[in-house]
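Open the model in your viewer and keep the sequence panel beside it. The stops below say what to select and what to look for.

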Amino acid sequence: MRETNFLIENNARYLWHPMAHPAEMQAHPPRIVNAAEGVEIVDVHGKKVLDAVGGLWNVNLGYSCGPVKKAIRDQLDELPYYSTFRGTTNSPLIELSYELAEWFKEDGLTRSFYTSGGSDSVETCLRLARQYHKINGQPERTKFIALKKGYHGTHFGGASVNGNQNFRRNYEPLLPGVFHLPAPWTYRNPFGTSDGAEIAAAIGRLFEEEIAFQGADTIAALIVEPVLGAGGVIVPHATFLPLMREICDRHGILLIADEVITAFGRTGAWTGSRLWGVKPDLMSTAKAITNGYFPFGAVMISEKVAEVFESNRNAVGTIGHGYTYSGHPVGAAAALAMLKETKRLNVAANAAARGEELLRGLDNLENKHELVGDVRGKGLMCALELVSNREKKTPAGKEVLQKVQDVAYDAGVLVRTSGPNVILSPPLVITAQDVGRIVDALDAGLAAAGGR
């Protein structure tokens, strides 16, 4: 690798970063991460910090997970790549499909379709939902319902069902036939209440009204995150997802659970759907499926949907969709190792316990710092929403968020900012001591940004 001075001099000069303005990145180049160990990363200057971002919600087992690394190395020696398009497959993928069916059995999901990542998985769910209804003789069921503040990736389908204009405005017009309901958000909502059950019921009424207006026989699916992630870690009331499931069932609408973030233990349950006691028709997964070590994803498919496709005997049931790297043998091997290690460590239980500790620490910060308008989270998905005026809930400015992030980094912890939110998604193997480090670093950042 080139020397440090070369890396610093050419940082952001020849590449455009995702989710960033190219000019801003050139004016303020990003931090260069050179190494990682355990739950910590090391920057180009040799500074070691706890990664409270968990890569990007995906490094559940930390950066030193030997079994996953070994599986990747061994598979590269055995079979580094082969296509899974019609006519060929590979051994680790067959084994992984069996293991995933076992893993998601409680969610009612028994088949898998493989992708290169989360956006691919969402796109696949949307396509399969439309195709399912075509096979069933209801070709007019093409519309999708989603939630404002929801995030579903960056493909045109995913961007269309996204509920945040930051991911939509610059790319419009998007997919027609997509309609959005309010998010189940107790801090900001149009219903004039902070009661989660009332908010859930109100969204349910709006869903019913939208179905009546659009016509149930024109709607393919509702897509939701069991806990909304990039939109600010919005945790719905326990009644919300079961209510959405019941309404979907009553009107013949499929329920797509976007679990790219929440699958494999992050919420304190093995899936977000299981957390709320709901069985989806389709589930998008990726991120932690290989612990972030290899680009890979899987769409999990319910028995109900599978039966319709597998009993079809004409061309309408043919899946004319897929990716060059669908079912990549190296990704499959990595996923197999991830499942085994995830189960051995029981990271869902640790996420639940450490998440409770983290939320208590964040609540203390809310009591201490006027900058904190709201604290929310589930498991190791947490957020602080920062405000310049608590009474008016005025979002804090970008410079305030940057100050919090910079000072927290100097204090030894990397956090993520998005809009007015400080988002925390550390590896699921963190300790109580690590939780204390995160809270202390945020305390320093908030004090600095608040002028105290």
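Select Val224 and Ala257. Val224 stands opposite Ala257 in E8. The two strands here are E7 (residues 219–224) and E8 (residues 254–258), paired in the parallel sense over 4 bridges. Two strands count as paired if DSSP finds at least two bridges between them. Helices (H or I, at least four residues) and strands (E, at least two) are DSSP runs, numbered from the N terminus.

This is a predicted model, in which local features need pLDDT of at least 70 and side-chain atom pairs count only at pLDDT 80 or more, while totals for chains, interfaces and linings use all residues. Residues are numbered from 1 along each chain as its sequence is written, and side-chain values use heavy atoms, with hydrogens and water left out.

**Across the sheet**

Ala257 stands opposite Met283 in E9. E8 and E9 run parallel, joined by 3 bridges. Now colour the side chains of E9. Which way do they point? Leu282 and Ser284 point one way from E9, Met283 and Thr285 the other way. All four are buried, that is, under 20% relative accessible area; exposed means over 50% and partly exposed lies in between (1.4 Å probe, protein chains only). In a regular strand the side chains alternate between the two faces of the sheet.

Next, select Thr285 and Ala298. Thr285 stands opposite Ala298 in E10. E9 and E10 pair in the antiparallel sense, over 4 bridges.

Zoom out to the whole sheet. The sheet is open, with 7 strands in the order E4-E10-E9-E8-E7-E5-E6 and mixed pairing. Strand E4 (109–115) and strand E6 (178–181) stand at the edges with a single partner strand each, so one side of each has no neighbour in the sheet. Neighbouring strands of this sheet are turned by 20° against each other on average, direction ignored.

**Helices on the sheet**

Select residues 196–214. This is helix H8, which lies across strand E5 (143–147), E6 and E7 and runs at about 155° to E6. Axes are lines fitted to C-alpha atoms, for helices over the stretch in contact, and angles run from 0 to 180 degrees between N-to-C directions.

Then take helix H11 (residues 303–310). H11 packs on the sheet and touches E4, E8, strand E9 (282–285) and strand E10 (297–302). Contact means heavy atoms within 4.5 Å. The direction of H11 makes about 85° with that of E10.

**Loops**

Go to Glu172 and Pro173. A cis peptide bond joins them, with omega about 5°. Pro173 sits in the loop between helix H7 (156–161) and E6.

Where is Lys149? Lys149 is in the loop between E5 and H7. Its phi is near 75°, a positive value in a residue other than glycine. Lys149 is partly exposed, at 24% relative accessibility.

Jump to Lys287, in the loop between E9 and E10. Phi of Lys287 is near 40°, also positive. Its relative accessibility is 23%, so Lys287 counts as partly exposed.

**A hairpin**

Strands E1 (residues 33–37) and E2 (residues 40–43) run antiparallel, joined by 4 bridges. They form a hairpin with 2 residues between them. Gly38, in the turn, has a positive phi of about 60°. Glu37 stands opposite Glu40 in E2.

**Last stop**

Finish at helix H15 (residues 432–449), which has 18 residues. Among its buried residues are Val435, Ile438, Val439 and Leu442.

Definitions and conventions
Expected span 1.5 Å × (residues − 1).
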